Amino acid sequence: MSLEQVLKEISACRACAGEFGHEPRPVVMVSRQTRLLVCGQAPGRRVHESGQPFTDPSGDRLRDWLGVDSETFYGDPRIGVAAMAFCFPGTNPAGGDYPPPKRCAELWRKRLLSELKEVELTLLVGWHAQVWALGPTAKANMTETVRAWREYAPGVVPLPHPSWRNTSWLKKNPWFDREIVPYLRARVSGILTT
């Protein structure tokens, strides 16, 4: 199966239709040239509406961490985005969005990743993405997993979600800006200049 065929099937997927209270709209942005793969949790409401990944304040923060502008993020085929779930799962009345449904990753993840043969760096954005991808090598929680980033580098780097809800986490963990952000920017720059 080709990447194009997998993407066509993902685009047509309605496996969760009727569960969200809105029409599924899979959002994924990858190409055969993808070398940097951003694996978040699931699209938020704004991304669901725009049909493009990270078209929200979280995306602004993520691009800042990576040291790239919007034009590069969306226009360079070496950058790809494939969340654990491709559709917005809805907003939890208790706050935030619902977690990504496991069904999506089970249906699509292995098939999609097997077609992305040029990926050099995978960013695991948020706890759900880390648990799925790292399995038993994930630590007890997101903070410990991100703090242990060197154990997973150079091929994988776990990150907190760039949501503005995590501003207090970033303030409590200044090592993230000191250690991981410079490393990320250097790695991304290297990927995009070679």
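This is a predicted model: local features need pLDDT of at least 70, side-chain atom pairs count only at pLDDT 80 or more; totals for chains, interfaces and linings use all residues.
## Strand E1, covered on both sides

Let's start with strand E1, residues 36–39, which has cover on both of its faces. Leu36 and Val38 sit on one side, Leu37 and Cys39 sit on the other, and all of them are buried.

E1 has partners on record for two other strands. Three bridges join E1 to E2 (residues 79–81), and the two run parallel. Four bridges join E1 to E3 (residues 121–125), again in parallel. Leucine 36 takes part in both pairings: isoleucine 79 stands opposite it in E2, while leucine 121 is its bridge partner in E3.

How much of E3 is buried? Five of its five residues are, so the strand counts as mostly covered. Leu121, Leu123 and Val125 point one way from E3, Thr122 and Leu124 point the other way, and all are buried.

E3 also pairs with strand E4 through four bridges, and these two run parallel as well. Leucine 123 is a handy residue for tracing the pairings: in E3 it is the bridge partner of valine 38, and it stands opposite valine 157 in E4.

## Helix H6 and what covers it

Helix H6 spans residues 127–134, and its buried residues are Ala129, Gln130 and Leu134. Looking down the axis of H6, these buried residues fall within an arc of 100°, so they line one face of the helix. The cover over them includes strands E1 and E3, helix H7 (142–147), helix H8 (149–152) and strand E4 (156–159). After H6 comes glycine 135, whose phi is positive, near 55°.

## Aspartate 56, buried without a salt bridge

Where does aspartate 56 sit? It lies in the loop between helix H2 (45–50) and helix H3 (57–66). Aspartate 56 is buried yet has no salt bridge; arginine 63 is the nearest side chain of opposite charge, and it is 6.2 Å away. A salt bridge here needs the nitrogen within 4 Å of the carboxyl oxygen.

The side chain of aspartate 56 does reach the backbone nitrogen of glycine 59, at 2.9 Å. Leaving aside neighbours within four places in sequence, aspartate 56 is in contact with Arg46, Val47 and Arg63.

As for arginine 63, its side chain meets that of aspartate 60 in a salt bridge, at 3.0 Å from N to O. Both of these residues lie in helix H3, three residues apart, or about one turn of the helix. Arginine 63 counts as buried because its relative accessibility is 5%, whereas aspartate 60, at 46%, counts as partly exposed.

## Salt bridges elsewhere

Across the whole structure, a search finds ten salt bridges. As background, side chains of opposite charge can pair when their charged atoms come close.

Arginine 35 is in the loop between helix H1 (3–12) and E1, and glutamate 120 is in the loop between helix H5 (102–115) and E3, so the pair ties together parts that are 85 residues apart in sequence. Is arginine 35 buried or partly exposed? At 14% relative accessibility, arginine 35 counts as buried, while glutamate 120, at 35%, counts as partly exposed.

Another salt bridge links the side chains of arginine 78 and aspartate 76, at 2.7 Å from N to O. In this pair arginine 78 is partly exposed, with a relative accessible area of 21%, and aspartate 76 is buried, with 13%.

## Methionine 29 in the H1–E1 loop

Methionine 29 lies in the loop between H1 and E1. Its relative accessible area is 16%, so methionine 29 is buried.

Which residues does methionine 29 touch? Not counting residues up to four places away in sequence, methionine 29 touches Pro53, Phe73, Tyr74, Ile79, Gly80 and Val81. For a sense of distance, methionine 29 and aspartate 64 are 35 residues apart in sequence and 19 Å apart in space, taken C-alpha to C-alpha.

Key
Residues are numbered from 1 along each chain as its sequence is written. Side-chain values use heavy atoms; hydrogens and water are left out. Buried means under 20% relative accessible area, exposed over 50%, partly exposed in between (1.4 Å probe, protein chains only). Two strands pair if DSSP finds at least two bridges between them. The arc is that of the directions from the helix axis to the C-beta atoms. Contact means heavy atoms within 4.5 Å. Lys and Arg count as positive and Asp and Glu as negative; His and the chain ends are not counted. A polar contact is a pair of N or O atoms within 3.5 Å; within protein, one must be able to donate a hydrogen and the other to accept it, and residues adjacent in sequence count only if both atoms are side-chain atoms.
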